[in-house]
Amino acid sequence: KQNNKGYNELQHVLDCIDKYDIQDNDFIVKMTGRYILTDNSEFMNVIKNIHITNYSCVIRYGPYFKPVTYKIDYCITGLIGMSCIYVKQIEKPTECECVEWKWGKVTKLIDDKKICIVNTLGINICPGTNDYFMV
């Protein structure tokens, strides 16, 4: 048990990988449960064709309040897609670290051509409040 919510969330993903014997080549979509996903979003349009595009990662870099369109060691983890082999390599954050740094950092292992950086995720989020807004 950890006080770091990101640590716990990542551990749940890793536990699912083990329990359901998810293979390294399988593609995982992780979404925070309290968010609302728009089905006709840029993210979902990429995911629906992941078997054709063969991306290893679909991501939105930067913090939710100031996203960027280039690769950095920080990403929005409310909705992210990544090949299992890379998810298993994400380092667990310490008590004071953000898990968003760990998900972003692991993308350094992925060829840039295999990463789809979306402009919008298509999720309505409410970080720390009950007021939702689109990211």
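Visitor: Is Thr-107 buried or exposed?
Guide: This is a predicted model, so the values are computed from predicted coordinates. Burial is read from relative accessibility, with under 20% as the cut-off. Thr-107 has 0% relative accessibility, so it counts as buried.

Visitor: Where does Thr-107 lie in the fold?
Guide: In a loop. Thr-107 sits between α5 (99–106) and β5 (115–117).

Visitor: Which side chain joins that of Thr-107 in a polar contact?
Guide: Look for a pair of N or O atoms within 3.5 Å. Here the partner is Tyr-61, and the polar contact between the two side chains is 2.8 Å.

Visitor: Which residues does Thr-107 touch, leaving out those up to four places away in sequence?
Guide: Tyr-61 again, along with Cys-57, Ile-59, Lys-71, Met-82 and Ile-115.

Visitor: What does the side chain of Lys-102 join in a polar contact?
Guide: The side chain of Glu-97, at 3.4 Å. Glu-97 is also among the residues that Lys-102 touches beyond four places in sequence.

Visitor: Zoom out. How many helices and strands does the chain have?
Guide: The chain has 5 helices and 7 strands. Their order along the sequence is α-β-β-α-α-β-β-α-α-β-β-β. The radius of gyration is 14 Å, close to the 14 Å of the globule rule for 135 residues, so the chain is as compact as a globular protein of that length.

Visitor: What box do the C-alpha atoms fill?
Guide: Roughly 40 × 30 × 25 Å, along the principal axes. Of the 135 residues, 41% count as buried.

Visitor: And what percentage of contacts between residues at least 6 apart join residues at least 24 apart?
Guide: In this chain, 67%.

Visitor: Last, surface and charge. What should I read there?
Guide: Start with area. The accessible surface is about 7800 Å², and carbon and sulfur atoms account for 50% of it. The chain has 16 positive and 16 negative charges, and their mean positions are 2 Å apart.

How values were computed
Residues are numbered from 1 along each chain as its sequence is written. This is a predicted model: local features need pLDDT of at least 70, side-chain atom pairs count only at pLDDT 80 or more; totals for chains, interfaces and linings use all residues. Side-chain values use heavy atoms; hydrogens and water are left out. Helices (H or I, at least four residues) and strands (E, at least two) are DSSP runs, numbered from the N terminus. The radius of gyration is taken over C-alpha atoms; the globule rule is 2.2 Å times the number of residues to the power 0.38. Buried means under 20% relative accessible area, exposed over 50%, partly exposed in between (1.4 Å probe, protein chains only). Contact means heavy atoms within 4.5 Å. Accessible areas come from the Shrake-Rupley method with a 1.4 Å probe; for residues, only the protein chains shown count as cover. Lys and Arg count as positive and Asp and Glu as negative; His and the chain ends are not counted. The place of a charge is taken as NZ of Lys, CZ of Arg, CG of Asp or CD of Glu. A polar contact is a pair of N or O atoms within 3.5 Å; within protein, one must be able to donate a hydrogen and the other to accept it, and residues adjacent in sequence count only if both atoms are side-chain atoms.
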